[in-house]
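Dear colleague,

Please find below the structure that I am handing over to you. A summary of the findings follows it.

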Amino acid sequence: MTTFKQRMASGEILAGTFLKTPAHEMIEVLAKSRLDFVCLDAEHAPFDRARMDICLAMARALDFPVLVRLPVGAPVEMLKALDSGAVGVVVPHVDSVEKAQDIARAARFGEGGRGYAGSTRWAGFATRSMADVLQQSADETIVIAQIEEPAGVKAAAGIAAVDGIDGLFVGPADLAVCYGKTDMSDPKVLDAMRETGAAARAAGKAFMTFAANSDAAPDLMDMGVSMFFVASEHAFLLRGANAEAEALHAAGADKGAGPER
């Protein structure tokens, strides 16, 4: 976790996924994979405080970088995720410079910002000095602004320039809906993604997005994407199950297998 922010900022290609199942066993399993990170989807999946907390406890124990996509960009939601051990937060619906400034402030220590507590899991349960904890925040904490409305695309350059915003996540599904489209690959959506990516690059910030699978990587890399939130464990589970079932069904058909009569 201590080097993840630097890896992200360097432009290294990072592969992760959204976790929809609020179970610490999923963290334990995925930490054994070749994924670089996981993002708990507290916006669209049933993560309450307790289940988020135990997932983050497992992530900390295994030194596995885990982000949390918050339900809203409220300071209290950031505090819950960061104090519990998240390496950073993904904040939805950031469509103005003012919102970006607010979330950057709320996630960092200082006047008007994140409330200080040295007794949290993230801070080491009161075993470390204030100076060490403050330095950890500067070195480790990540704030990602999710751009998913036309207003956010228009403001992307200003949002990316905000001190404390570490990356822009462009949301193709919400953009498609906002533009009145039903396809994330619509030219209008792709143009918005390119515009957002250019804004991130100009500000020296990481650029990331959702990808249904790795087949999308070449085109997204051409846009400047370096951090990929690939599908979810739900999708991985279904793909694996369907691939095995289809292979067995096909093998049975080739051998003429069928129910005994």
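I begin with Val97, which touches Ala155, Gly158, Ile159 and Val162, residues up to four places away in sequence not being counted; contact means heavy atoms within 4.5 Å. Please note that this is a predicted model, in which local features need pLDDT of at least 70 and side-chain atom pairs count only at pLDDT 80 or more, while totals for chains, interfaces and linings use all residues. Residues are numbered from 1 along each chain as its sequence is written, and side-chain values use heavy atoms, with hydrogens and water left out.

Val97 is found in helix 5; helices (H or I, at least four residues) and strands (E, at least two) are DSSP runs numbered from the N terminus. With a relative accessible area of 26%, Val97 is partly exposed. Here buried means under 20% relative accessible area, exposed over 50%, and partly exposed in between (1.4 Å probe, protein chains only). Val97 and Ile165 are 68 residues apart in sequence, yet their C-alpha atoms are 10 Å apart in space.

Salt bridges

A search of the whole structure finds 15 salt bridges, a salt bridge being a side-chain nitrogen of Lys or Arg within 4 Å of a carboxyl oxygen of Asp or Glu. One of them joins Arg7 and Glu12, with the closest N and O atoms 2.8 Å apart. Arg7 is partly exposed at 24% relative accessible area, and Glu12 is partly exposed at 32%.

Another pairs Asp41 with Lys20, where the closest N and O atoms are 2.5 Å apart. Asp41 lies in strand 2 (residues 37-41) and Lys20 in the loop between strand 1 (14-19) and helix 2 (24-30), so the pair ties together parts that are 21 residues apart in sequence. Asp41 is buried, with a relative accessible area of 0%.

Arg108 forms a salt bridge with Asp166, the closest N and O atoms being 2.9 Å apart. Because Arg108 lies in the loop between helix 5 (97-106) and helix 6, and Asp166 in the loop between helix 8 (156-160) and strand 6 (167-170), this pair ties together parts that are 58 residues apart in sequence. Arg108 counts as buried at 16% relative accessibility, and Asp166 is buried at 14%. Salt bridges that share partners also join Lys20, Asp41, Glu43 and Arg69 into one network.

Gln146 has its place in strand 5 (residues 142-147) and counts as buried at 2% relative accessibility.

Which charged residue is buried yet has no salt bridge? It is Asp186, for which the nearest side chain of opposite charge, Lys181, is 4.2 Å away; Lys and Arg count as positive and Asp and Glu as negative, while His and the chain ends are not counted. Asp186 is found in the loop between helix 9 (172-178) and helix 10 (187-202). The side chain of Asp186 reaches the backbone nitrogen of Lys188 at 2.9 Å.

Helix 6

Finally, Leu134 lies in helix 6 (residues 130-140). At 35% relative accessibility, Leu134 counts as partly exposed.

With kind regards

Key
Polar contact = N/O pair within 3.5 Å; in protein donor to acceptor, adjacent residues only side chain to side chain.
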